[in-house]
Amino acid sequence: MATNYSPKDDEGEQHKSRKPDNTAFKQQRLPAWQPILTAGTVLPAFFIIGLVFIPIGIGLFVTSNNIKEFEIDYTGIEPNSPCGICANNGTWNTTCTCEVHFRLDQPFEGNVFMYYGLSNFYQNHRRYVKSRDDSQLNGDKSSLKDPSKECEPYRMSNGRPIAPCGAIANSLFNDTLVLYYMDNGTRKEIQLTSNGIAWWTDKNVKFRNPTGDGNLSTIFKDTAKPLNWPKPVYDLDPTDPHNNGFINEDFIVWMRTAALPTFRKLYRLIMKTDSLTPTLQQGNYTLHVTYNYPVLSFDGRKRMILSTISWMGGKNPFLGIAYITVGSICFFLGVVLLIIHHKYGNRNTSADIPN
Amino acid sequence: MPLFDSDCTRSKHIEQERHLRANDRDFNQKFYYVDNQIKTSKYNVFTFLPINLFEQFQRIANAYFLFLLILQLIPQVSSLSWYTTVVPLMLVLIITAVKDAIDDYHRYQSDNQVNNREVMILINGKLRKEKWMHVQVGDIIKMENNHFVTADLLLLSSSEPYGLLYIETAELDGETNLKVKQALTVTSDMGENTQALADFDGEVRCEAPNNRLDKFRGALTYKENKYSLDNEKILLRGCTLRNTEWCYGLVIFAGQDTKLMQNSGLSAFKRTNIDRLMNVLVLWIFGFLVMMCTVLAIGNSVWESYKGYYFQVYLPWIHKPPNSSFSGFLMFWSYVIILNTVVPISLYVSIEVIRLGSSFYIDWDTKMYYPKKNTPALARTTTLTEELGQIQYIFSDKTGTLTQNIMIFNKCTINGKMYGHACDFSGQRADITAKTEKVDFAFNSMADPKFVFYDHSLMEAVKICDPKVHEFFRLLSLCHTVMSEEKQKGLLVYQAQSPDEGALVTAARNFGFVFRSRTPETITIVEMGETKIYELLSILDFDNVRKRMSVIVRHPDKKLYLYCKGADTIVFERLNSSSQQLRDITTSHLDEFAGDGLRTLALAYKELDEESFDNWQKRYQEASIALENRDEQLSELYEEIEKDLKLLGATAVEDKLQDGVPQTIQTLSKANIKIWVLTGDKQETAVNIGYACNMLHEDMNKIFIIEGSSAEEVRVELRKASATMKERDQAEDEVISIKQPKKQFFLPEEHVNGEYGLVINGDTLAHALEDLEVEFLKAACLCKTVICCRATPLQKAQVVELVKKYKKAITLAIGDGANDVSMIKAAHIGVGISGEEGTQAVLSSDFSFAQFRYLQRLLLVHGRWSYLRMCRFLRYFFYKNFAFTFVHFWYGFFCGFSAQTVYDEWFITLYNLVYTSLPVLAMSLFEQDVNDRWSMAYPQLYEPGQFNLYFSKLAFVECIIHGVYSSLVLFFIPYGALFEAERDDGKTVSDYQSFALIAQTCLLVAVTLQIALDTTYWTAINHFFIWGSLAVYFAITFTMYSNGMYLMFPTSFPFIGTARNALNQPHVWLTIFLTAVMCVLPVILVRYLKGELKPTFSNKLRCRICQMKMIPPKQAISRLKRPSVRRSAYAFSHQRGFGALITSGKNMRIRTVNLIPSKTGASSNVDKQK
């Protein structure tokens, strides 16, 4: 580069002024707001956050405490516990039943939700999470015949494509839970609704049965059922023909994999019947379990949860406590900062800046 | 980019000696000498893609991403889709490639322009016009006046008698005075005879190409005679032919082999301090990444054997062999993919964009635009801007950089009366403004129209024939070695050996004493319109020791006079006692001149009587032919006659500084920047300028002048200097100097008691740089000002390298000539003054502008902002990526270490690219803590950059800690809030997709708030980008999670409905709010406390601005007070003057003068004519 001796010799350029434009943008003089952290802004901020957070936290905490929740572990680790026998003998296809008795000390009002909870169940394992074919579940015909490779090793069975394919579908939770109210020795079965337990978007958009002539069984004719399943997908709910195939709500709920290895999933709704009596009265109940789902081999746990609901969802004191804690810390820090400001605040004067 | 490479196949060999034959291309071809084509571009059309890609993948980050891409293609390992890596990688590669291509095209164009210049080559006895690039070694070429020398040539003949030739070497060493070269008689006899030249078949054997500008060894064999060749006969590429109609030369070195090109060195790729730090940090990050992945991989092995093995009921192992350690191994790579975001690929692109932005700001700055030359500032390298905010040492050239290289006759004192101040009507001194009336020289038809003088009283004194005033100007018109040229009647052009002399003779010319022409024994003066011929009897030429020159002339009235001008101290010693009173007055005037930074010369004369002169002249003749001690004898004789002088007065010449130089230097030194002047010029001139621009001043405790002819002497001097400067730690000093450095180490900053200056010249510098490096540097760094004079281009670069090597400091070199190129390239940042001395310096510089004073703005405003912005950017960028990535790490503990991502893959792809890029980019383009006027008013604001206060390894660790904290909040708050959580309609939201959505929303809100906190200068664009990014996030999220997208691409957008179902929950929003507050509050706390307890200068200033709503101060244009100790100086040439040439008549055009040609050349035979 060291050899150009003469400046640019394009003559035309010489006469044109190369003066840069005098615009605010080019001269970096754009008008701007310049906030700075001063005692005047920071201290009030801390106090305000403190004052806002503590009431929110208390509100959340109280709401959470008002929610009634009952949880019972029916895994049956102890051999002499109600489901102990089933737990140790049960496999996918053998039917074993057991009954667990429990007592609600308080009545549950409003709609009550019945969940099953699993622990130590890694629904969030990467290989598990991706082991599904969303096109197939969305009713795509070609995917029905030729499921995605992600479904391996639950893709084909005896040369026929599995529908629904993949490890998630294969491990569908298939215990049947029935709840009885023990009213002075008589069992009264509690009405459990299975309609409306899945997200609307899942039920109506994400999961769709393949369309075609005839009923579901003909559509799914050339497919195999998942290995663990006792029944094919079009026969999941014998009571409601519209709840079969990929749009079976229990199936949809299961397919929405959990974020954490301990999770609960909505099993049934117990709708409020009338405004006078609580939905679930105080008293003794029996949970009748058709025990199909083995979890003991990997040290898993199964729970049944009954819960009421508030505007902030189910019982979860965490958020309330967190708000109260953060709010208190902020308030405390605000006080500390105020003291610091009074003691040292003068340092920030600009006395040593010459004019 | 050229279309093809022309010489890629040429074999490289190490040349020991150059052997060539004139006019014999076939013979010379055998040696494969390079031709005169130069090539600085790297690519051509075909090689661009492969070479550029190869270069790009040499960058550690790019190579890493290529590796990641390959990993992602392995299905067992792939934890992310390929597009998450490909999209950013492609973007990076394309942007960089386009930029490289444009840069290279510019280089190609400038090469092309030079290569296509035309020159006459003698081929087969005929002169042909050819392009420069076709010139080959051994060719004979013809050049004309004012042409650039095409290659390194052996001068054969010229239009001037005796094969003399004048060149200007400004491009090479920055000196604008003319230099004489002379051809061998045997070749100069050929003259313009093309036939003779074509038949010339001399063979040259000489040294191999090298970079020594001042030495040449070789021999010419012609007609069986051997002639030795030295530097006197060589014309170097880069010089300009002056005052010579034509010349012929034999090409010895061409193209890349020329000394100029050898001196310019390889244009090394410059990296900034931050770049180097980044490379270290990237390695750290790699280490960190490997550590995290190892932890997670081990975790996976343990998990798989304790849990996964049993969980096979629902999730069978598919990897082969089915064991847990192999799974751990695979998971290691999967985590390398997932956690790749800690290695910031988009960082590099963003940095480039930010630097490009800052470069544009520099180009656009109207305050660095010089209207007189219509030149805006130009950032030629766009990758160095933030380093402008970290400069600690500035190395400046003198001529053309600090000074305008214009000498102006500014004031004078004649017979005790001072002239030169502009006066108003009442006779009071007034400042010179544009309105001040200039002296009208219309009476004098031969006046130089460019000469300007404001004091009318001097003109009047001339007109009333004040004898002293006349004598004064007579002296100026007689006592010099200037050559005149009268191309048209009355249009005189002076060729002065030094610009000072030119200025003085021009002054005399305008005041009616026109030096018109000279012959070896006469000088013709037009005195007030009347032509007079003075007989020149002797020139007592100047040199560095004498510091004066005298002429002895015989007036037309036959009286003998000696006229002397010289440094005041020297001249005053030789005055007649009658001048005592005048001397005192003159001294006080000289003091005043010195106070204005003018260069002064005292003038004196005396009348000689015929008898004593005859006597003296006889002895002089004897002495000048003496074989022994000739110089000593001569100088004794000079002493003898130059005494009892009568003082006339003194002149004051202004070596015109560029505008605002002293102020700029003062401001920069307030910013703790050390300024060293490295000049090829003479010591006196350099020191003078040092005073003039306030680098040296009388308040300094001491100014050391280091001179020594051997290493030992220099060592002693340097020791003495250092010892004076820090009397206490002398003992410790000795120890260090004995231990020569074995490995790289950095000299610590040392404490000095007082202010010192150091001046060192080229020869001494050579010793100092050879084996006294450390000692020299230690001494130099203790001084406030360092001036190196007579430094060669290479030495300049060596000094820069020396500071770079032993000081942990960022250096900047500023210069304007070809002699500064090596220094500009050596320094971290090179700045070229696009001005007088050609454009070479500009072409190899990183930044260029027209005036030295713009340096202040470049550093204090642009540099400081760039540095601040870059550091804020880096801190934020690392933070946001750590916060993003560590969440995956925590999640690993809850998902069986299965490399499950926390976020949606689309979010991972778009996070750096879309959601968080613009706000931080806006911050790094618009951020300013205080505006430009405050930055200039308080140079102290510059200091944080010099000490790397805004970004360092420590700051990086802070970023990591901050990131880890945020990621903990960002993972565990949603974890706690969503653990077995339900919606307000009883359906669960604790599923993976909702969790991903909430975690990513929390993250995005938190990092957006963080950038909002980091931004202190909120322009409309910042608002738009920051809030816009959040809005865009929600818009894109809702779109991607919509029914339509899912129905079109079910496998790509499986998150359908998640946004709708999760984000309509109040407790989800409360969670997001909580995490945001928890991420931001500690930062506010820490920043507030820092500002409260340990406020930085910038904090204080901002507070003050804020409190008082102060209007920035006007840039104070204070007239700098200069100490008034006079420094008389002559712009002595380092060479002996032209005196001998003049009196021998060799360089006279009048060929009728009958002279015996002398083979020995420049031997002084002053009295030959007598």
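1. Contact here means heavy atoms within 4.5 Å. On that basis, among contacts in chain A between residues at least 6 apart in sequence, 79% join residues at least 24 apart.

2. The model is predicted: local features need pLDDT of at least 70, side-chain atom pairs count only at pLDDT 80 or more, and totals for chains, interfaces and linings use all residues. Residues are numbered from 1 along each chain as its sequence is written, chains are lettered from A in the order in which they are written, and side-chain values use heavy atoms, without hydrogens and water.

3. Chain A contains eleven helices and ten strands; these are DSSP runs, helices being H or I of at least four residues and strands E of at least two, numbered from the N terminus.

4. The C-alpha atoms of chain A fill a box of roughly 95 × 65 × 40 Å along the principal axes. Of the 355 residues of chain A, 52% are buried, that is, under 20% relative accessible area with a 1.4 Å probe and protein chains only.

5. In chain B, helix α19 spans residues 661-670. Its buried residues are B:Val661, B:Pro662, B:Thr664, B:Ile665, B:Thr667 and B:Leu668. The elements of chain B that cover these buried residues include strands β15 (391-396), β26 (646-657) and β27 (674-678), as well as helices α20 (683-692), α28 (854-892) and α31 (932-937).

6. Just after α19 of chain B, B:Asn672 adopts a positive phi of about 65 degrees.

Key. Buried < 20%, exposed > 50% of the residue type's maximum accessible area, 1.4 Å probe, protein only.
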